[in-house]
Amino acid sequence: MSTEPPQHFLHTLGAGAIGIGIGAAVLLLCAIALPRAERRATLRTPLVLLGLHILTVLARLPLPEGKIERGLEVLGLGFLLFSLARALFVLIVDVVVSARLSKPLPRIIRDIVQGLVYLGALAIVLREVGVEPGSLLTTSALLTAVIGLSLQETLGNLFAGLAIQAQTPFEVGDWIGIDGDPKLIGRVVEINWRATTVLTLEQVELVIPNGVLAKTTIRNFTKPTHVARRTVTVQAPYEVSPRRVEEALLEAVQEIPGILAQPPPAAQTRDFGDSGIQYVVNYFIEDFALRDRIDSTVRHRIWYAFKRAGISIPYPMRTVHTHAVTPESRAEETKQDTERRKAALGAVHFLAPLPDASLERLAALSRTCHFMPGEAVIRQGEMGSELFIVQKGELAVIVGRGEGGSVAEVARLGPGQFFGEMSLMTGEKRAATVKATTDCELVEVSKGAFQEVLAADPRLVEQITRALVDRQIALEENLSARATRSSRAEADAKSSALLAKIRQFFQL
């Protein structure tokens, strides 16, 4: 009696070993080529399919030839082909193609290619069982029509997704808007074969079918570049000239974080409305995700800029505000404001020579202005002729170190302190930049107001000049850390030079 294994057993074992060897070799190549972090998730499916193929081979070994053995053979072939299809797709697309491209293939393209590869594997399995794939399409025209009609919308989304990938009106990471609806603005996080997923600022995920996107108007805020223009609208009274309003708007948007210097902001007069003239200020940003925060900061700055410029934002004409304003109450309010400014002026030591009447007149001619954090009150190197006294808040004194050099904060100013006195008295350029670090309320003394007070009593100029020189010498001593005071002769020389400048500046 022969003890040699039957021919069928050897054939099954040999064919199974070849298939297992090919599958294992392809999976080994994938494991070597893929990064370590991606191996487990990527190779899980082909490994499971190869394991099922091994089980079918082992199950066939003891079975004689027949329908069961044949069925297991076809099933095992299917497992092997699908395992190879997945592994080869990963090896070619995820390793070879992605290494040559600057960015990974879009998901919809990957899904379609993977589907075609699986269809090819399925066609081989059908041929193995004696079914010609082409005959299924030619002999089942009615079934094909039914399937086509039932999948009409799905196929429409598929081809729309392919069109999106081909034309690239937007990509993953772009900010888009649909139909002009602000609620439908978000960042594209995924484009697949059926739909596009958009994440809004409210962290709401919108899943929009590709067929819908193909039929609607899409606004891409990050193409052709990431620079996007923003617009804020505001109204101002008819009594204020448009030029003055536009200047205030441009001042408001200076040095706001997130707003680009180029292209520069622009203010325009848009329309004449029922309750006032409508203006817009346009500016450009680069990070579209911060648009709402930047727009809010712009509106804050506009409020402060309008407050300083004495520009009110009118109420709609349809709203009627009734309140009693008597001349006595208005005069009392004006008097209180003047008294507060007078108290602030009285704290400035070089204004001490002014008599009470002159100080009160100067307070009446001055004005109170407000600044928000981050706004520059004065800028180094600019011309100016105003003195500022801090009533509320805190400001930083910043000095630049030459052309293109660094800047440094040298001091902080609080209530009762002042700055800009040399520009007020001589018209010199600003020696430093002063920025508000908190909400600030300042008293602004202009050249015109001070000139009126000096013209009434020119003898005050010499006393103010001596006080200014003493302050300047004290500052120089503090900065240079000198132990001894300047000589009287040096003070007199500086006083004479400064007095000449002041008289020339005020034409006294």
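In which loop does Pro 224 lie? Pro 224 is found in the loop between strand 5 (218-220) and strand 6 (228-236), where helices (H or I, at least four residues) and strands (E, at least two) are DSSP runs, numbered from the N terminus. The peptide bond that leads from Lys 223 into Pro 224 is cis, with omega near 5 degrees.

The structure is a predicted model, in which local features need pLDDT of at least 70 and side-chain atom pairs count only at pLDDT 80 or more, while totals for chains, interfaces and linings use all residues. Residues are numbered from 1 along each chain as its sequence is written, and side-chain values use heavy atoms, with hydrogens and water left out.

The protein has 16 helices and 16 strands, and of its 508 residues 37% are buried, a term that stands for under 20% relative accessible area, with exposed meaning over 50% and partly exposed in between (1.4 Å probe, protein chains only). Among contacts (heavy atoms within 4.5 Å) between residues at least 6 apart in sequence, 69% join residues at least 24 apart.

The largest nonpolar core has 26 residues, and those with the most contacts inside it are Phe 350, Leu 362, Phe 450 and Ile 464; such a core is a set of buried Ala, Val, Leu, Ile, Met, Phe, Trp, Tyr and Cys residues joined through side-chain atoms within 4.5 Å. Among the elements that each supply at least two residues of this core are helix 12 (356-365), strand 11 (387-392), helix 14 (447-456) and helix 15 (460-480), and helix 15 gives the most, with 5 residues. Apart from this core lies another, of 23 residues, which include Val 245, Leu 249, Val 281 and Ile 302.

Helix 12 and helix 14 also pack against one another, at an angle of about 155 degrees and with their axes 9 Å apart; axes are lines fitted to C-alpha atoms, for helices over the stretch in contact, and angles run from 0 to 180 degrees between N-to-C directions. Because of that angle, helix 12 is roughly antiparallel to helix 14, given that angles under 35 degrees count as roughly parallel, over 145 as roughly antiparallel, 65 to 115 as roughly perpendicular and the rest as oblique. On the side of helix 12 the contact is made by Ser 358, Arg 361, Leu 362 and Leu 365, and on the side of helix 14 by Ala 449, Phe 450, Glu 452 and Val 453.

Elsewhere, Leu 80 has its place in helix 3 (residues 67-100) and is buried, with a relative accessible area of 10%. Not counting residues up to four places away in sequence, Leu 80 touches Gly 19, Leu 50 and His 53, while Pro 46, 34 residues away from Leu 80 in sequence, is 8.7 Å from Leu 80 in space, C-alpha to C-alpha.

The peptide bond from Gln 262 to Pro 263 is cis, with omega near -5 degrees, and Pro 263 sits in the loop between helix 9 (242-252) and strand 7 (266-272). Glu 255 lies in the loop between helix 9 and strand 7 and has a positive phi of about 60 degrees although it is not a glycine; Glu 255 counts as partly exposed, at 40% relative accessibility. Gln 203, in the loop between strand 3 (195-200) and strand 4 (205-209), has a phi near 60 degrees, a positive value in a residue other than glycine, and counts as exposed at 58% relative accessibility.
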